[in-house]
Amino acid sequence: MSQVSIADKADWLNDKHLKRLLEALSSDGEEARVAGGAVRNALIGEPVADIDVATTTLPDETVRRARAAGFKAVPTGIDHGTITVVASGKGYEVTTLRADVETDGRHAKVSFGRDWKADAERRDFTINALYATADGTVIDLVGGIADIEARQLRFIGDAEKRIREDYLRILRFFRFFAWYGAGRPDAEGLKACARLKEGLDQLSAERVWSELKKLLSAPDPSRALLWMRQAGVLSRVLPESEKWGIDAIHGLVAAERDLGWPAQALLRLEAIVPPDAARMKVLAERLRFSTDEGNRLQRWALAPAIEMKTTEGTLAKTLYLGDRQSIVDRLKLSLASARVRVAMDGNAALTDAGGYARLLGFAEKWEKPVFPIKGADISALGVPPGPKFGTLLKNLEGEWIGKGFKPDRGALLERAAEMLAD
């Protein structure tokens, strides 16, 4: 067992609510420690979003002590030993030390205990099985500190056994590698993921998409996606990427970094799947995308490809008639691809890159003009509701778009009168 301290790296350890919670759970022979991702991220120097606590107290005792200390305690996963303790709107997941009694690749039956090493050894990866006491001392029972220093992601114990306990760990292997790994993935872990990839079929769509989205949100997921493809995992959960390729990801990540674009999981997904509306509809339904996510993917697939030589006037018409987000997505992917060609071919692709950069800048700043004619204006001309009414309004708007949105209301009303006379 090795020990270091995160006291000078983790300001959150000084949070009065966390200190009071750890104190409440660490009296009369019991003990509580911060566990998992918060400790890992403090050691790496990454931001900490959620703070989880492991404790020797049984769930009912956790609830009693938390409430006695003035906290709200919600039994969110009491069968598995987890209580959510809420203080000033912030939640802490507090879980009793446990060991797996029975697993089926998705769910586990657990028994509660007091053995910190047994609790650590039931977790997935060494870097996620670290604990920190209230004073910041890190307790490492599985070699996680050394793996963090080497930027190596390694299953605890036998990789195949860990995966058979929960097949989601295959996707978590690549997700954590994308965020924290370097070089090649652990060979034994990679081989186990490849051998057991059929187990992914047991997982719910929501769990699969949640992991993929987190992986695609990593600073640079390109290496992880490459190894997922090599292991046959990517095509198992994302068959749409097969025969299409993931090569565009690297260029997109470079463009995001160089041009200050925010990393967007959906844009990165669009970079590795074909713009086929029918297949994207199936993908969104299969992985249970949210309505907004499914709509964005579908609209991107339906959006027209924008040529580099497109004029701003033509692009404005396309933007008015289409969906700006999907067109911006198309232009970003085209610009990222052109920048890759510049790096490979030198000046030969500079014109393309410059053209797409110009169009993207225009699209991002463009504001949709408001058609100045309303239905009441057509009614005032004596046109009753019906097909003629709708056709006149549509033709009038078409001419307005064709003339660059320039005719004002007066000119359009005159044109409407001419159309009626004709």
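**Figure 1. Packing of helix α16 against helix α20 in the predicted model****.** Helix α16 covers residues 312-321, and helix α20 covers residues 387-402. The two pack at an angle of about 145 degrees. Their axes lie 10 Å apart. From α16, the contact takes in K317, Y320 and L321. These meet E397, W400, I401 and G402 in α20. By class, the residues of this contact are four nonpolar, one polar and two charged.

**Figure 2. The largest nonpolar core and a second, separate one****.** The largest nonpolar core holds 122 residues. Those with the most contacts inside this core are I6, W12, V34, F174 and L269. Helix α7, residues 168-180, gives the most to the core, with nine residues. Neighbours within four places in sequence aside, L269 is in contact with W209, L216, L238, L283, F289 and L297. The second core is separate and has 11 residues. Among them are A120, A129, V142 and I156.

**Figure 3. The largest pocket and its lining****.** About 1,400 Å³ of space lies in this pocket. The lining consists of 44 residues. D52, E93, R98, R123 and R172 lie nearest the centre of the pocket. By class, the lining has 19 charged, 13 nonpolar and 12 polar residues. Helix α7 gives the most to the lining, with seven residues.

Figure 4. Three helices, α12 (248-259), α13 (265-272) and α17 (324-345), each supply at least two residues of the lining. Helix α17 provides the largest share, five residues. By class, the lining has 13 nonpolar, three polar and three charged residues.

Definitions and conventions:
Residues numbered from 1 in each chain as written. Predicted model: local features only at pLDDT ≥ 70, side-chain atom pairs only at ≥ 80, totals over all residues. Heavy atoms only, no water. Axes fitted to C-alpha atoms, helices over the stretch in contact; angles between N-to-C directions. Helix = DSSP H or I, 4+ residues; strand = E, 2+ residues; numbered from the N terminus. Contact = heavy atoms within 4.5 Å. Nonpolar A, V, L, I, M, F, W, Y, C, P; charged D, E, K, R; others polar. Core = buried A, V, L, I, M, F, W, Y, C linked by side-chain atoms within 4.5 Å. Buried < 20%, exposed > 50% of the residue type's maximum accessible area, 1.4 Å probe, protein only. 1 Å grid on protein atoms, 1.4 Å probe; cavity = no way out; pocket = protein on both sides within 12 Å on 5 of 7 lines; lining within 4 Å. Points joined across faces, edges and corners; volume = space filled by probe spheres on them.
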